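Welcome! Please take a moment to look over the sequence and the 3D view before reading on.

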Amino acid sequence: MENKNLKLETGFLFDKTGFWKGVGSIFSLYGDYYEFNSSRTAEEADQKALQSDWENVGEDLRTAERQFKEKHSKELCLK
């Protein structure tokens, strides 16, 4: 089952900042701009990051398989 709306992250434990947050951080307006994804324990953080990594690997493999099938469909007798 392929979810086309699925967006996997590579920087799972890092803050997602926008343009204005970046501009504001240059001038240190409003103090601390960066909130990192947190977990209760180091093990939980590692587990979340490892799961995210493997989900990315799986998505890459599915994409490669789909592209291969599209490129070689005649040779593979696929429609």
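The report below goes from the overall fold to salt bridges and then to a surface patch.

## The overall picture

What you see is a predicted model. Its protein chain holds 3 helices and 0 strands, and from the N terminus on the elements follow the order α-α-α.

How much of the chain is buried? Of the 79 residues in the protein chain, 11% are buried. The chain exposes about 7300 Å², and 58% of that area comes from carbon and sulfur atoms. Contacts along the chain can also be sorted by separation: among those between residues at least 6 apart in sequence, 41% join residues at least 24 apart.

Side chains of opposite charge can pair when their charged atoms come close. In this model the count comes to 5 salt bridges.

On one side, the side chains of E44 and R40 meet with 3.5 Å from N to O. On the other, E44 forms a salt bridge with K48, and here the closest N and O atoms are 3.5 Å apart. E44 and K48 both belong to helix α2, which covers residues 42-71; they sit 4 residues apart, about one turn of the helix.

## A second pair in helix α2

Further along helix α2 you can find E59 and R62, 3 residues apart, or about one turn of the helix. These two form a salt bridge whose closest N and O atoms are 3.2 Å apart. R62 has a relative accessible area of 35%, so it is partly exposed.

Now turn from charged side chains to nonpolar ones. Which residues make the nonpolar surface patch of about 440 Å²? The patch is made by L50, W54, V57 and L61.

W54 is a handy landmark for finding this patch in the 3D view. W54 is placed in helix α2, and its relative accessibility of 58% is the reason why W54 counts as exposed.

Conventions: Residues numbered from 1 in each chain as written. Predicted model: local features only at pLDDT ≥ 70, side-chain atom pairs only at ≥ 80, totals over all residues. Heavy atoms only, no water. Helix = DSSP H or I, 4+ residues; strand = E, 2+ residues; numbered from the N terminus. Buried < 20%, exposed > 50% of the residue type's maximum accessible area, 1.4 Å probe, protein only. Contact = heavy atoms within 4.5 Å. Areas by Shrake-Rupley, 256 points an atom, 1.4 Å probe, with all protein chains shown as cover. Salt bridge = Lys/Arg side-chain N within 4 Å of Asp/Glu carboxyl O. Patch = residues over 30% accessible without salt bridge, like charges linked within 9 Å, V, L, I, M, F, W, Y side chains within 5 Å.
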